[in-house]
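Subject: Structure handover

Dear colleague,

Here is the structure for you to look through. My notes on helix packing, strand pairing and aromatic pairs follow below.

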Amino acid sequence: MIVAKKSLLEVENLTWIKDGKKILDIPAMQIDQGDHIALIGSNGSGKSSLLKLLSFLEKPTTGEVLLRSVNRKSSMIEKRRKIAVVFQEPLLLNLSVYDNIAYGLKIRGRKKGREAIVEEWMERLKIGHLKERYPRHLSGGEAQRVSIARAMALEPELLFLDEPFSALDAPTKNQLLEDISLIIKKSNMTTLFITHDFSEIPFLADKIFVLADGQMVQKGTVEEIFYRPSCSAVAALVGADNEWSGRIEKRCEREKQILIKLDQGIKMKVPFTEAYQFFAEGQTVTVFARSDDLSWGRGACNNYEGFVSKVAPYGWHYKVTVNCAIPVTVVMDKHTFLQRKPEIGDKAEVHILPEKIHMIGK
Ligand SMILES: Nc1ncnc2c1ncn2[C@@H]1O[C@H](COP(=O)(O)OP(=O)(O)OP(=O)(O)O)[C@@H](O)[C@H]1O
């Protein structure tokens, strides 16, 4: 039985205009009880602005943000009390760790059990030993733990986190991610967090919202966003960096295969899945493939020969572009790279597994 989730927050026809520029334009959006959402988008796409509007720190120019637990006419302050926000830089008061965590509860008039709540959250965030310390004597990671404990102690209906880990070193960040992930899963807290580091997403989210130029361009599971992007903006953001255009030459239901002819005359085979049942022969399409899903050498089909036109480091790996009438970019792990040592001008062959190709209608 599918149980409908309870909606906590809804957006209706929201726009936010600043200095004559439309920063946000979101006709509809919904956050349900128990959702764990990652909000992603390129720099300046409007993520932090949206967070300010969703947490009632800013008012929309038109439209509304509706919190289901309060009256539509309630004051901004009343609405804000249902929400807690953690920012990139921990905003701590010049008080002890204990008092920083207790402060929000005091402001919200929570007297009963306050001490126990503060102790509980210090323990959960593993900062009990820092109880008497002042913020100036905390490391960045410790300060962010205090800031998260303070937000969580409020037991908000919604917890928003705006790039909370971006200033932390890798081991500190990973430990904090593991700890918060466990807390969130146990508590069934509803969360939305902004990140540019996609490796954080599996810890904290099972759903992704993508913003581009102030518009919500795609919402979906991690699998959908990363492997079935809805447009070029999402594809480029999530690493589906091979993009070609073409048209469907043949649709063969019996062989469960679609044959695409790219604009440059190159052919490509794609499995005929349910997602493509309404695609017709002759239809123009955009085809995407992640460079980390392509392979060097020859495969069973979709083999392309050409000359290496670009070699660039890519984290611990390398990105190699082979010009095969279409540019094809492949991520090579260091081991393969050192074995093959591709150089500009070298002859090369790459292949794409048909099931790794994603296409959208134009
Ligand atoms: N108060 C404001 N007045 C005018 N323009 C603003 C204001 N706040 C944000 N903007 C503009 O809105 C756009 C979106 O900014 P925002 O900070 O929301 O993007 P972002 O997606 O969070 O970016 P980043 O990933 O770089 O943090 C930017 O062009 C920014 O200059």
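This is a predicted model, in which local features need pLDDT of at least 70 and side-chain atom pairs count only at pLDDT 80 or more, while totals for chains, interfaces and linings use all residues. Residues are numbered from 1 along each chain as its sequence is written, and side-chain values use heavy atoms, with hydrogens and water left out.

Helices and strands are DSSP runs numbered from the N terminus (helices: H or I, at least four residues; strands: E, at least two).

Helix packing. The axes of helix H3 (residues 97-107) and helix H5 (residues 140-153) come within 8 Å and cross at roughly 30°. Axes here are lines fitted to C-alpha atoms, for helices over the stretch in contact, with angles from 0 to 180 degrees between N-to-C directions. H3 and H5 are therefore roughly parallel to each other (the term covers angles under 35 degrees; over 145 is roughly antiparallel, 65 to 115 roughly perpendicular and the rest oblique). On the H3 side, Val-97, Asn-100, Ile-101 and Leu-105 meet Val-146, Ala-149, Arg-150 and Ala-153 of H5, contact meaning heavy atoms within 4.5 Å.

Strand pairing. Two strands pair if DSSP finds at least two bridges between them. An open sheet of five strands has the order E14-E18-E15-E16-E17, with antiparallel pairing. Strands E14 (294-296) and E17 (326-332) stand at the edges with a single partner strand each, so one side of each is left without a neighbour in the sheet. From one strand to the next, the twist averages 45°. E17 is joined to strand E16 (residues 317-324) by seven bridges, and Asn-323 stands opposite Pro-327 in E17.

Strand E10 (residues 242-252) pairs with strand E13 (residues 284-289) in the antiparallel sense over six bridges; Gly-246 has Val-285 in E13 as its bridge partner. E10 is also joined by six antiparallel bridges to strand E11 (residues 257-262), where Ile-258 is the bridge partner of Arg-251. E10 and E11 form a hairpin with four residues between them, and Lys-256 in the turn has a positive phi of about 50°.

Aromatic pairs. Rings of Phe, Tyr and Trp (its six-membered ring) pair if their centres lie within 6.5 Å; planes under 30 degrees apart count as stacked, over 60 as edge-to-face and the rest as tilted. The count by this rule is three aromatic pairs. One of them, Phe-198 with Phe-226, is edge-to-face, at 5.5 Å centre to centre and 85° between the planes. Phe-198 lies in the loop between strand E7 (190-194) and helix H7 (201-204), and Phe-226 in helix H8 (residues 222-227), 28 residues apart.

Regards
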